[in-house]
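Let's take a walk through this model, one piece at a time. Have the sequence and the 3D view open side by side as you read.

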Amino acid sequence: MSGAQAKAATITGCVGVIAEVDEAALQKRLQQGWLMQLTDSLDQCIAQIREARRTKMALSLGYHGNVVDLWERLVQESERSGELLVDLGSDQTSCHNPYNGGYYPVGLTFEAANQMMHTDTKRFRTLVRESLRRQVAAINKLSERGMFFWDYGNAFLLEAKRAGAAVEKDEGGGVEFKYPSYVQHIMGDIFSLGFGPFRWVCTSADPSDLAETDAIATSVLEKIMSEEDASDAVKQQYADNIHWIRQAAHHKLVVGSQARILYSDQRGRTAIAVAINQAIAAGRVKAPVVISRDHHDVSGTDSPFRETSNIYDGSAFCADMAVQNFVGDSFRGATWVALHNGGGVGWGEAINGGFGLVLDGSAEAEERAKMMLGWDVSNGVTRRCWSGSDKAYETICRTMSENRGLRVTLPHRVEDESILDRALQGPRERPLPTEGL
């Protein structure tokens, strides 16, 4: 399991329940403080959900057991009492690899499943498909009662469809699911605004350096927020991330390297990088800082089932954005770059381009950051603009006005969407003359 969902629940004031079959993973997150409570009892799990909802207490609860059992119990509670205990639901199992440890079927212990997947693969595959059908049946019932479910982009719905579960969208032509990808529903618009996960690592491994960079990032974003003449959506992103970075140290997110991540756009990333570089030069940060980002970003990944799933012009299946990102970053100042296949959706389903850039306090490092970060973000915003996103169109126009050296060919907007249908119909045939017949 990841600890991110558990921590996000408490930061946003929610009740989050994370099911996990591997007790060692749960214990690790509990010891790290990413989980607040842990139980292996469904009765206790339901009772704790009810109590936290009643008292409006933020809670991250780990359930040691199979998620299918949890989904079905939530259905039973809803049918018995009429109370819907779950408002939001998703699934983050590694279903791009369902038969080799990515998905554990209900009815087997963790240990038994690990053994069967190697000793009786045919039976294990059958149990996985049965489990997926049961899981979707429970999710569908809760969704009909008002729960909002979304796909994480991890091939859960794809594998559920292959297993025969009822996940296809009515009138979707067999290629659309009834539940949206969270990229389609949420993240796509955020990417189109140019915001994505920007991160940095303090090479000194000194917590005081991380605290200093947190303060720098907070100050930079607050300054941009006060000056920014932008849409409400952009201002909301800045406000959310100012809140996040102010609270980051309190939530004790560091489990290894002294590193931080926040969502920012091109202007914010560049300004933070420059300010950190100047702090290194001045000695306020004791050692170089490496800046980077997640692949799950504005332009870092081409994946038709996740990062580019909200690109509807047919180019979602192309890998040009990540490749151009990787190549463009390489000669604009990145210290290193990476291009690789796979990731959270599996081999053959995604191309990822990444970078690392070392800030050492030099003027050269500052110039590199300005050149490279501009390309790294605008490349993806431009692609999304060309695909028809109004938010990306507005973002790239604003970015060009702020950066005179940036020139992007803007698409022509189609005012009359029926023009394409008429064009494809071709010229209408003229009726044959009837005179003289």
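Before we start, one term: two residues are in contact when they have heavy atoms within 4.5 Å of each other. Keep in mind, too, that what you're looking at is a predicted model.

Let's begin with helix α2, which spans residues 23-32. Which of its residues are buried? They are A25, L26 and R29. Looking down the axis of α2, you'll find its buried residues within an arc of 100°, so they line one face of the helix.

At its start, D22 has a side-chain oxygen that comes to within 3.1 Å of the backbone nitrogen of A24. After the helix comes G33, and its phi is positive, near 90°.

Next, a pair of helices. Helix α3 covers residues 42-55 and helix α4 covers residues 67-81; their axes come within 11 Å and cross at roughly 60°. An angle under 35 degrees would count as roughly parallel, and 65 to 115 as roughly perpendicular, and α3 and α4 are therefore oblique to each other. Their crossing is right-handed. Who meets whom here? On the α3 side it's L42, D43, C45, I46 and R50, and on the α4 side D69, L70, R73, L74, E77, R80 and S81.

From α6, the residues A113, M116, M117, H118 and T119 take part, and they meet T121, R123, F124 and L127 from α7.

Last stop: S264, which you'll find in strand β7 (residues 259-264). Is S264 buried or exposed? Its relative accessibility is 1%, so S264 counts as buried. If you set aside its neighbours within four places in sequence, S264 is in contact with G194, F195, G196, L221 and R269.

Notes. Residues are numbered from 1 along each chain as its sequence is written. This is a predicted model: local features need pLDDT of at least 70, side-chain atom pairs count only at pLDDT 80 or more; totals for chains, interfaces and linings use all residues. Side-chain values use heavy atoms; hydrogens and water are left out. Buried means under 20% relative accessible area, exposed over 50%, partly exposed in between (1.4 Å probe, protein chains only). Helices (H or I, at least four residues) and strands (E, at least two) are DSSP runs, numbered from the N terminus. The arc is that of the directions from the helix axis to the C-beta atoms. A polar contact is a pair of N or O atoms within 3.5 Å; within protein, one must be able to donate a hydrogen and the other to accept it, and residues adjacent in sequence count only if both atoms are side-chain atoms. Axes are lines fitted to C-alpha atoms, for helices over the stretch in contact, and angles run from 0 to 180 degrees between N-to-C directions. Angles under 35 degrees count as roughly parallel, over 145 as roughly antiparallel, 65 to 115 as roughly perpendicular and the rest as oblique. A crossing is left-handed if the near helix is turned anticlockwise from the far one by less than a right angle, and right-handed if clockwise.
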